[in-house]
Amino acid sequence: MTKKLTLKRKGKEPEPTNEVAASSEASDNEEEEDLLQAVKDPGEDSTDDEGIDQEYLSDSNEEVEFESDEEGNYLGRKQAGGSSAEDDEDSDDEDEEEEEDEDDEDESEEEKIEEAASTSKKITADDKPSSSSSGENKSSINEPPKRDPSKPEYQDSDTSDEEDIRNTVGNIPMHWYDEYKHIGYDWDAKKIVKPEQGDRIDEFLRKIEDPDFWRSVKDPLTGQEVRLTDEDIALIKRISKGRIANEDHDEYAPWIEWFTSEVEKMPIKNVPDHKRSFLPSVSEKKRVSRMVHALKMGWMKTTEEVEREKQAKRGPKFYMLWETDTSREHMRRIHDPVSAPKRDLPGHAESYNPPPEYLFDAKETKEWLKLKDEPHKRKLHFMPQKFKSLREVPAYSRYLRERFLRCLDLYLCPRAKRVKLNIDAEYLIPKLPSPRDLQPFPTVESLVYRGHTDLVRSVSVEPKGEYLVSGSDDKTVKIWEIATGRCIRTIETDEVVRCVAWCPNPKLSIIAVATGSRLLLVNPKVGDKVLVKKTDDLLAEAPKQDVIESERIKVAVQWSTAEADEQEKGVRVVITHFKPIRQVTWHGRGDYLATVMPEGANRSALIHQLSKRRSQIPFSKSKGLIQCVLFHPVKPCFFVATQHNIRIYDLVKQELVKKLLTNSKWISGMSIHPKGDNLLVSTYDKKMLWFDLDLSTKPYQTMRLHRNAVRSVAFHLRYPLFASGSDDQAVIVSHGMVYNDLLQNPLIVPLKKLQTHEKRDEFGVLDVSWHPVQPWVFSTGADCTIRLYT
């Protein structure tokens, strides 16, 4: 069916004259373009109903009819020419008769046509045709309409069908065409050229001059700008606010029951079932059997299994790292499980009325209570008790805990069958050299130095190895002759002597004595008289101070010359500290010495220079409770041991070099190897730690040779030996060979256990020290003696 478009012109068209023939051609063309543009004008009602006569009236009474297809495309002019009003009415009647003949079967369609014809559009042309014949009008109207290039292509359209037909690139990112001059292709495979785009200045000017600039929206498919109407903006606002797009829609309209809510009691059909429906279906039986077989073989899975697999795929994926955790091991656990080990049956000791030999005596009870921190070393995890009858047995307080631990063992401990290897114990023990090949080392006790009345805390040997000095809690310092065991001199002090240290410089004869909060520099007056006099001359006069000491140092330490009564005892210089001194140690050259005051906080460690009689505080902040300090024998390094760690500082650069991690509860002492590459640390938790300073910050080897707290350790200056003293009254001598080859690990072999000291008040050996020349070791103990092992 085609649509009929009628154009009527009012009045008669004047005949063309020769005078205006030349000027009428341009105006005629403009008239035809205005006419076609008026047909496409979106401001009027442009309904595309089929079979509607649309009349367009001009100044003349000419009637022009156009034909179009179902889609609204222009086909041509059906009728044209100058006719009178009567002819127009006759043509209208004829059209109505034809339409009535065609639409007899559908009366409603005729009504639509008449209604549309009554509301047809009328367009009056402003410019009258000057000199155009009917033939010229006919030829110009039959030409296809031309589009105004300055006008957007879809300005007169309110649908998006033309956009889809116009650009055939499909649903792709349009930024792919940013670098090209075209934006897509039409149905004829021709490029769609992009419209001219102004720069930012043009856009800014349009934004300022055009008050409706905010209504413009750019179409990404065609590059054209589409201006939104008030209805579009209202629709966008309703959608953005979450409302229903159609403003006329009533969301609270009453519900229409399309189906009845009443249950029908009578069936729609009452046909009796066939006899065939009561017999089992053979085809269904075969189908079910096939499904059952597929389920057994794993070819088909149930809904639960499929859902379980989907959930497993969604979650994190885990995989086994080791070969023992593969599916083969899993199948072994199913087919060859390992049963949980059963607990041992109770013995006689667990009886409520055990035999007397199973009950603990006082000594066994004390030993059992002593191992409270190490319950795994107890022979029994309980103490046997005796009751007269079963009724007197109380409830077991550890029942719930033991049940819980048993459940943990069953739940956490892995069980597996392993092939037992028949290996002799000799192969498990590392092959160490025989002690006979590592001689000499001390093996027997040779001398006992008696004279102190209280426990002896510290001992030190002269650099030449002829004399020995010791400090005790009886407030005395004694100087012994090593070879004979004779006490040469006794120096009394005001307080307990915590530490003594002989100056390692053989050209000086000075002993540093830490008693209370005072550090005494004593000339023992033994040995070479020339050396003794030289030492007195050195300590007689104080050198001039060129540097002004700070108030922080003056408050912490003060240098002074000993008084007359102390001068007679041999005391030459007194260094007074503000807290009690625990340890004193010398530098290898004998000019510097360091003291430790654990209660001094950030001033716990002090370094004194003997030649200039001045002190310095190396640390401004406290890193922990300092236990002991040590000088490196070769490098300008300073070792500081706190309760748990050891820090190594460079005295020249004044920075931290390394921090050693001991993993112990409390450090008691330390000693450095003469070469300076290895450090030995003793702890109160029964361990000795060997650190290789070039290897790691963690212990190279941990030795648990003692049964109680280790008080002191010491390296020999010449022999590859080291010794340790503990509260278990034992001195253990070990071989510690350090090789020049850095790729070869140190050789550590325990050699001899010397246990001759007596235990008093839970204290045993308090200090050990080596002879500087001979492989002899000295030990002091709580039994007020000093013992020499050779």
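In this predicted model, R457 and D473 join their side chains in a salt bridge, with 2.6 Å from N to O. R457 belongs to strand 10, whereas D473 sits in the loop between strand 11 and strand 12 (476-481), so the contact ties together parts that are 16 residues apart in sequence. R457 is partly exposed, at 29% relative accessible area. D473 has a relative accessibility of 14% and counts as buried, because buried means under 20%.

Strand 10 and strand 11 (residues 467-472) run antiparallel and are joined by 5 bridges. Within strand 11, G471 stands opposite S458.

In total, the structure holds 17 salt bridges. One of them pairs the side chains of R711 and D727, at 3.1 Å from N to O. This pair links distant parts of the chain, 16 residues apart. R711 is in strand 31 (residues 710-715), and D727 is in the loop between strand 32 (721-726) and strand 33 (731-737). R711 counts as partly exposed, with 22% relative accessibility. D727 is buried, at a relative accessible area of 4%.

Another salt bridge brings together the side chains of D210 and R227, at 3.3 Å from N to O. D210 lies in the loop between helix 6 (200-209) and strand 7 (216-218), and R227 lies in strand 8 (residues 225-227). The pair links distant parts of the chain, 17 residues apart. D210 is partly exposed, with a relative accessible area of 25%. R227 is also partly exposed, with a value of 44%. Salt bridges can also form a network, as they do among D212, R215 and D230.

The largest cavity has a volume of about 80 Å³. Its lining comprises 5 nonpolar, 4 polar and 3 charged residues. Among the residues that line the largest cavity are A601, N602 and F619. The stretch K621, S622, K623 and G624 also contributes to the lining, as do I626 and V640. T642, R647 and Y649 line the largest cavity too.

How values were computed: Residues are numbered from 1 along each chain as its sequence is written. This is a predicted model: local features need pLDDT of at least 70, side-chain atom pairs count only at pLDDT 80 or more; totals for chains, interfaces and linings use all residues. Side-chain values use heavy atoms; hydrogens and water are left out. Two strands pair if DSSP finds at least two bridges between them. Helices (H or I, at least four residues) and strands (E, at least two) are DSSP runs, numbered from the N terminus. On a 1 Å grid over the protein atoms alone, a cavity is a set of points where a 1.4 Å probe fits but cannot get out, and a pocket is an open set with protein on both sides within 12 Å along at least five of seven lines; lining residues have an atom within 4 Å of a point. Grid points are joined across faces, edges and corners, and a volume is the space filled by probe spheres set on the points. Ala, Val, Leu, Ile, Met, Phe, Trp, Tyr, Cys and Pro count as nonpolar, Asp, Glu, Lys and Arg as charged, and the others, Gly among them, as polar. A salt bridge is a side-chain nitrogen of Lys or Arg within 4 Å of a carboxyl oxygen of Asp or Glu. Buried means under 20% relative accessible area, exposed over 50%, partly exposed in between (1.4 Å probe, protein chains only).
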